[in-house]
Amino acid sequence: MIGKIRRVVLDTLKPMEPTIIEMAKKMSVIKGVSAVNISIVEIDLKVENAKITIEGDDINYEEVENLILDMGASVHSIDEVVAGKEIIDDAETLQG
C-alpha cells in the first residue's frame with residue numbers, strides 16, 4: 001500500500017495566458033483535489049512565476065503536472081509534499 005499525497009507546493013513558470021483563475025478552476029476538478037491556491041510571485045515581460053498549492057485526499061501528481069504542461073507552463077521545483085493520513089505543517093525549529 002502506498003501513502004496518499006495530501007498537499008503539493010510547486011514553483012512554476014507560466015505564460016500570461018491562461019490566467020491563474022483558469023488554471024485554478026481546471027486543477028480543482030482533478031480527482032482527489034479539494035483545494036487549489038495559486039499566487040503570482042513575480043511578473044516578467046511575457047511570463048509569470050507562480051506558486052501553486054494543491055490539497056486533497058489523494059492527489060495524482062502526474063495528472064496535475066500534465067495539466068500544467070498542457071497549459072503551457074512548467075514546473076521549476078516541487079517545494080513541499082505532504083503524504084499520509086493527515087496534513088501536518090512544518091514544525092518550527094531553532095534554525096527557523
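Lys14 is buried, with a relative accessible area of 1%; buried means under 20%, exposed over 50% and partly exposed in between, with a 1.4 Å probe and protein chains only. The model is predicted: local features need pLDDT of at least 70 and side-chain atom pairs count only at pLDDT 80 or more, while totals for chains, interfaces and linings use all residues. Residues are numbered from 1 along each chain as its sequence is written, and side-chain values use heavy atoms, with hydrogens and water left out.

Lys14 forms a salt bridge with Glu48, and their closest N and O atoms are 2.7 Å apart. The term salt bridge stands for a side-chain nitrogen of Lys or Arg within 4 Å of a carboxyl oxygen of Asp or Glu. Lys14 belongs to strand E1 and Glu48 to strand E3, so this pair ties together parts that lie 34 residues apart in sequence. Helices (H or I, at least four residues) and strands (E, at least two) are DSSP runs, numbered from the N terminus. Glu48 also counts as buried, at 11% relative accessibility.

## Other salt bridges

The whole structure holds five salt bridges. One of them joins Asp57 to Arg6, with 3.7 Å between the closest N and O atoms. Asp57 sits in the loop between E3 and helix H2 (61-70) and Arg6 in strand E1, so the bridge links parts 51 residues apart in sequence.

Another salt bridge runs between Glu80 and Arg7, whose closest N and O atoms are 3.3 Å apart. Glu80 lies in strand E4 (residues 74-83) and Arg7 in strand E1, so the pair ties together parts 73 residues apart in sequence. Glu80 is partly exposed, with a relative accessible area of 22%, and Arg7 is buried, with 8%. Lys14, by comparison, is buried with 1%. Through salt bridges that share partners, Arg7, Glu55, Glu80 and Asp89 are joined into one network.

## The sheet

Strands of a sheet pair through backbone hydrogen bonds, either parallel or antiparallel. Here four strands make up an open sheet in the order E2-E3-E1-E4, and the pairing is antiparallel. Strands count as a pair if DSSP finds at least two bridges between them. Strand E2 (33-43) and E4 are the edge strands, each pairing on one side only. Direction ignored, neighbouring strands of this sheet are turned by 15° against each other on average.

E2 and E3 run antiparallel and are joined by nine bridges. In this part of the sheet, Val33 stands opposite Gly56 in E3. Helix H1 packs on the sheet, where H1 touches E1, E2 and E3, and the direction of H1 makes about 155° with that of E2. Axes are lines fitted to C-alpha atoms, for helices over the stretch in contact, and angles run from 0 to 180 degrees between N-to-C directions.

Met23 is found in helix H1 and counts as buried, at 1% relative accessibility. Not counting residues up to four places away in sequence, Met23 touches Lys14, Pro18, Ile38, Ile52, Met71 and Ala73; contact means heavy atoms within 4.5 Å. Met23 and Met71 are 48 residues apart in sequence, and their C-alpha atoms are 7.8 Å apart in space.

Thr53 is placed in strand E3 (residues 47-56). At 18% relative accessibility, Thr53 counts as buried. Leaving aside neighbours within four places in sequence, Thr53 is in contact with Arg7, Val8, Val9, Ala35, Val36 and Asn37.

The peptide bond that joins Glu17 and Pro18 is cis, with omega about 5°. Met16 is partly exposed, with a relative accessible area of 34%.

Met16 forms a nonpolar surface patch with Ile40 and Ile43, with about 250 Å² of accessible area together. Patches are made of residues with over 30% relative accessible area and no salt bridge; like charges are joined within 9 Å and nonpolar side chains (Val, Leu, Ile, Met, Phe, Trp, Tyr) within 5 Å. Accessible areas come from the Shrake-Rupley method with a 1.4 Å probe, and for residues only the protein chains shown count as cover.
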